[in-house]
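Welcome! Please have a look at the structure first.

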Amino acid sequence: METIKLTIDNKEIDVPKGTTIQKAARELGIEIPTLCYMELHDLGIENKPAGCRICVAEVQGRRNLAPTCSTNCENGMVVKTHTPRVLNARRTVMEFILSDHPKDCLICPKSGDCELQTMAHRLGIRDIPGQEFAATSTYRKDTSPSIIRDLDKCILCRRCEMMCNDVQTVGALSAINRGFMATVAPAFEQNLEHSTCTYCGQCVAVCPTGALTEVNHVPSVLRALADPTKTVVVQTAPAVRVALGEEFGLAPGTIVTGKMTAALRALGFDYVFDTDFAADLTILEEGTELLDRLSRHLNGDTTARIPILTSCCPGWVNFFEKYFPDLKDVPSTAKSPQQMFGAIAKSYFAEKIGVNRKDMVVVSIMPCLAKKYECQREEFSVDGNPDVDYSISTRELAAFIKQANIDIKTLHDEDFDSPLGESTGASVIFGTTGGVIEAACRTAYEVYTGKKLERLDFTELRGMEGVRSATIDFNGLPVNIGIAHGLGNARKLLDDVRSGTSQFHAIEVMACPGGCIGGGGQPLHHGNSDVIRARAAALYAEDRSKPLRKSHENPFIVKLYEEFLEKPNSEKAHHLLHTHYFDKQKKIIIKH
Amino acid sequence: MSKISSLADLRKKREELQAGMDIRIRALNPENIVQVKVAMATCGIASGSKTIMEFFLEQLDRRNIEGVVTQTGCMGYCYAEPTIEVKLPGQDPVVFGFVDLKRADQIIEKYIKTGELVDGIIPVNYQTIDLKE
Amino acid sequence: MSHIKIELRKEDVDFIKGVCTSFNNDPQELINVLHSCQEHFGYLPAEIQEVVSEGLNVPVAKIYGVVTFYSFFTMTPRGLHPISICLGTACYVRGAEKVLDEFKKELGIQVGESTKDNKFSLSSLRCVGACGLAPVVLVGDKTYGRVAPDDVKNILREYE
Amino acid sequence: MSKYSMHLLVCGGTGCHAAESDAIVCNLRDELEAKGLNETVQVILTGCFGFCEKGPIVKVMPDNTFYVQVKPEDAQTIVEEHIIKGRKVTSLLYRDPKTKEPVADSKHMGFFKKQMRIALRNCGFINPENIDEYIARDGYAALGKVLSEMTPDEVIKLVKDSGQRGRGGAGFSTGLKWELARRNVSDEKYVVCNADEGDPGAFMDRSVLEGDPHSILEAMAICGYSIGASNGLIYIRAEYPLAIQRLKTAIKQAKEYGLLGNDIFGTGFNFDITLKYGAGAFVCGEETALIHSMEGLRGEPTLKPPFPAESGYRGKPTNVNNVETYASIPAIILKGAAWFSSIGTEKSKGTKVFALAGKINNVGLIEVPMGTTLREVIFEIGGGIRNGKKFKGVQTGGPSGGCLTEKHLDTPIDFDNLIAAGSMMGSGAMIVLDEDDCMVSMAKYFLEFTVEESCGKCAPCRIGNKRLHELLGQICEGKGVLSDLDRLKNMSLVIKDTALCGLGQTSPNPVLSMLDNFRDEFIAHITHKKCPAGQCRSLLEYIVNAENCVGCTACARVCPVNAISGMRKEIHKIDSAICIKCGACMEKCKFDAIYIS
């Protein structure tokens, strides 16, 4: 590859052709500030509208300043990143941006983790000249079941728009209006609720300011905890334990399962359980359904739809209900682990401890914002009482722990409560892309072949490429597996299914890039994809450390079937653990 | 409409079409060409100036003389109708009276082509016909 | 804006779909499609954008993004006699703003609004290229040149 | 040989069209028919003559008689007097603004004397809806020559040698641009004509498209041949219905003649042109924004590189030139590079079309050799300032340019001199300002335009221009402080330095040049709370002239804020602190007793 030689701040450097000034500077240890640029390298996601104009630098011989995020290095270029001209321009532009931004940092949900706030601090802005005369662009606030939009705080970095359209192909958000009133919104500035939004939360995950945030359920959870008549049960998703530590200054990928459990107990939850338990249950239900459909299919039963699609990701479920309702009989009918947990907690477990379901509050800790919507779906409630009452994100949990003066770093590890706290390694890897299908294979292989699986690590199913495929040998039966993470990638596989050209028997889909570890409710990665990689590695490490690594070996699952559910896909299991899907595509009504 | 299928075609077509635009093209630089003004007021028309005008229009073209023929009002020489004014490039205008077809032919052949004066010249007793109302 | 119910007459849906088809349902022809629709319906309400979205397979949010970007497109019906005042520089320096103020005063509406009886709507535009006639006012297709504030009443009277 | 002995050219440009040139044509034809002259006199609706100030125009050929402000009812007089009796209709002749004398023909009009028409060579001369008239004027001969006798490289070399620079504003070499597009190898390339003229006060592109549409089609085909493209697109404002209609007609006729389509001139070269409509966004004049708009997207610019020559429309190499640039191409090909480069200045060759407007006598469209001075343009061609007022400045380059003053009047106009003088060529709008124009308000007006037209993509343009506009507003209202001048300057310089596209990078130019040239006027607003031009309403003071006031109380009764006090039959007084400067009192007063200071 061609090499380019240039000078940045009097230091010479060689970079491959096509490298931007910003990246070359980084190689030299010069971190040029930027607001709109974002790159998730491993996931192939890049946002560079060159709109904020904070990252400008002086390039010798050039008339104006160059945006370094999107200006490629050229041979002999002489770049200066901190001349008075650059610093003055950067400060003035920042003053412009701040002059059209609310100053309510004290109560902003993003305070402390806001890229704009950090930048204002870094650039030493202490005053915004002319603010008293400055008009601000203001918009209607919008609260959906999962996401709050407060576009007064939008700085038009366009990251959310890029995520929603280019990565997720959901197309719920677009830049609208022009000039000073330009912002990002759903069509007709309707509420998100009425748009094609899937609540995947990726817009929230990349928003540098408080313009897009999650709906905060901590106050409701706090009230439940404070209510002595309520038994409050909490479940924690696998991706939470490898990311929560980041909010407390621990390195990404630090596993804090035991400390998290201790903290939840310290917060006053009556029972601290694990969604992983329900993940094991999901494998049994979904795996059984897969084998059933697969064998019927192989036996020539044309009513058996192949491939089977996983259904544990609520963003993904929203996506196919809105975009592929014609395929709504293709995904597995198994509920997501969150909802299976809720259903079992408010039936089997409530019965077991003698609590009326109305007096039980189930809280889930999720890396996800779509879960907030999922637990509010009508079909997941009994007489108006939801199976899962509240879903809070990893970030909300961290904030909650901080509110309670709990120093997570000094807590001693504690175990989950029994019985809904027990899990296998298979359920742990649910949190990363490829994990669900790997867990399913471990069980399905043994069930289908009746043989013991020797090699548990299906490395061919792992990785970060957006669409992956592998063929797993089920003792002579080649099972074609497809994996997609990110809804844009899922759409590609779905299009093939719709057109009948798909070669897969089973497909795993996760709405978020990277899977749940990259979920919209996770600590913000701020554009660093190493964070996501580290979380994935931690999940696989936790899997390896578990004595039991196949879902069907979970003794408490075995017991649950014996005591309560009979067998996978039994009538009772169907009633409690399976669901159905709806056509939620927008329809044009013909007026007569 | 027939297609123009080669450069030669286009040139031929242009030749044909240019005639229709001559009046305008020549008017772009009137000082470089012959200008003939025919008095076409009532008296002029009555004495046959229309025929004279048509004659000039046709003959200048036929004899490959670049010129414009325009009409003008009564020049005040009603006794000498039909009258015409001829202006050669770079010269003062000359007015001819009693122009019939024969004299018209002479004007073209002699005065316009060679600058040689012919009979019928009327002494100019006005400044310009342009601004006369 | 709250939830929008997309209700249209069949012939309208057919018309919009027909326009999309005539542009090969090519998303890159969106602006031409919107022009055709606005020409036919007079404006581009949400319902029409939804049908175009279906026809061209472009997210409706993106269509709305385009409609709100270009000043030529409007989502509100114009008055029976749409009045546009040219505020191009030539007209501006010859007093177009005073003419606009006079229209506002006479009609009691602001730019972008219609009168209650929907008879007139008021908009400003940038240079129609008739700078020789500055200031210029358009009422429907009719152009009024060299308009002075005093002429406004008479212009409006023509449409009574 | 044509049977017609006289041609009546009626201007059919938008300006004249709006003023009923259609009706004039109709009436002339009816008159001629009634007098039996329809066989001898031909009436032709042409494109713009450029002399928009006095439209509608009727020009009589061959004698070049130039009738101005013709009304449909004048048709009878023209036919009876001029055509039948051969007498010019003096009342319709143009009158010299200085001598007030009627001018016999266009050859003697100051407006036309200094002009040199290349891009406008056919405007106001041919019937734009008749391809034959274009062919008669050597139309399509350049395309024929190029296709039959030249290689693409030779064409590009010729265009390069001519020294033509893009007329859209930036002034990039046309030949170089073509060369870049040619160099990029691709299965498909595009030739785009930027006809999204959005500069308020500029109408040269519109006039060319209306008056000589075939010249654009021909030039685009020549460009297509040179760069290796077989598809052309004209991106035209939807606000130009007449230009659109004439282009459609022209394309249809060219196709019928086989001058567009497949195997043009039997050379195997294919070229087609389609129209794409703009929808009212000034920023789409920027080529990357224009391309996005043609692709059905929001017209937001993107960073260059990649240039359209590498990756443009549909990701293919694309050459974008503006209308005026294309309009000169056929002439350059036919007359040669040396001819073109002999016109103009050292670095700016050829001619430039300007739209003259504002406080000038001859509003209109002119074309002059580069290097002509502003004085010649404004005072000779433009006929000087209206109503005998004093010249104050001329805004060139529209909202992206700057305001030039008295001291620049003798500067030869070219790309580089204008930039050196703190303005720019832009598309060629020239708005002349007189002593009644407030320069702070003008700067505010231009910023208002930019604020409205900013796409909003980059922060300096989206927010910075808004702040500039607000600050100028404060000054106009008398709420400015002296340090605002430094702030204006700093904000302006930073916006220029950091904005993403040409719109934002040039938007503060009016502020900077007004500050440079009219600083005193800013200070008058700030320190003395006075608007020297008397334009800023908040700074006006309504005063009762004690000599005229009879104490009728009419003014006090009409005042909406009760700012006027005074007993009946006593002299009234206006309290400036309460007064909202609505002017109602002055309008009401029958005794001229209220004046503005």
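In chain A, helix 13 (residues 394-403) lies across strand 16 and strand 19, and this helix runs at about 85 degrees to strand 19. Keep in mind that the model is predicted.

- Four strands, in the order 14-13-16-19, make up an open sheet with parallel pairing.
- Strand 14 (271-274) and strand 19 (390-393) of chain A are the edge strands; each has a single partner strand, so one side of each is left without a neighbour in the sheet.
- From one strand to the next, the twist averages 25 degrees.
- Strand 16 (residues 360-366) and strand 19 of chain A run parallel and are joined by 4 bridges.
- Within this pair, A:Ile365 is found opposite A:Ile392 of strand 19.
- Helix 11 (residues 337-353) of chain A also packs on the sheet, where it touches strand 13 (231-236) and strand 16. The direction of helix 11 makes about 155 degrees with that of strand 16.

**The sheet in chain D**

- Here 5 strands form an open sheet in the order 11-10-14-12-13, and the pairing is mixed.
- The edges belong to strand 11 (364-369) and strand 13 (402-404) of chain D, each with a single partner strand, so one side of each has no neighbour in the sheet.
- On average, neighbouring strands of this sheet are turned by 30 degrees against each other, direction ignored.
- Strand 10 (residues 351-358) and strand 14 (residues 429-434) of chain D run parallel, with 4 bridges joining them.
- D:Gly358 stands opposite D:Val432, which belongs to strand 14 of chain D.

Note on methods
Residues numbered from 1 in each chain as written. Chains lettered and ligands numbered in written order. Predicted model: local features only at pLDDT ≥ 70, side-chain atom pairs only at ≥ 80, totals over all residues. Pairing = 2+ DSSP bridges. Helix = DSSP H or I, 4+ residues; strand = E, 2+ residues; numbered from the N terminus. Axes fitted to C-alpha atoms, helices over the stretch in contact; angles between N-to-C directions. Contact = placed C-beta atoms within 7 Å.
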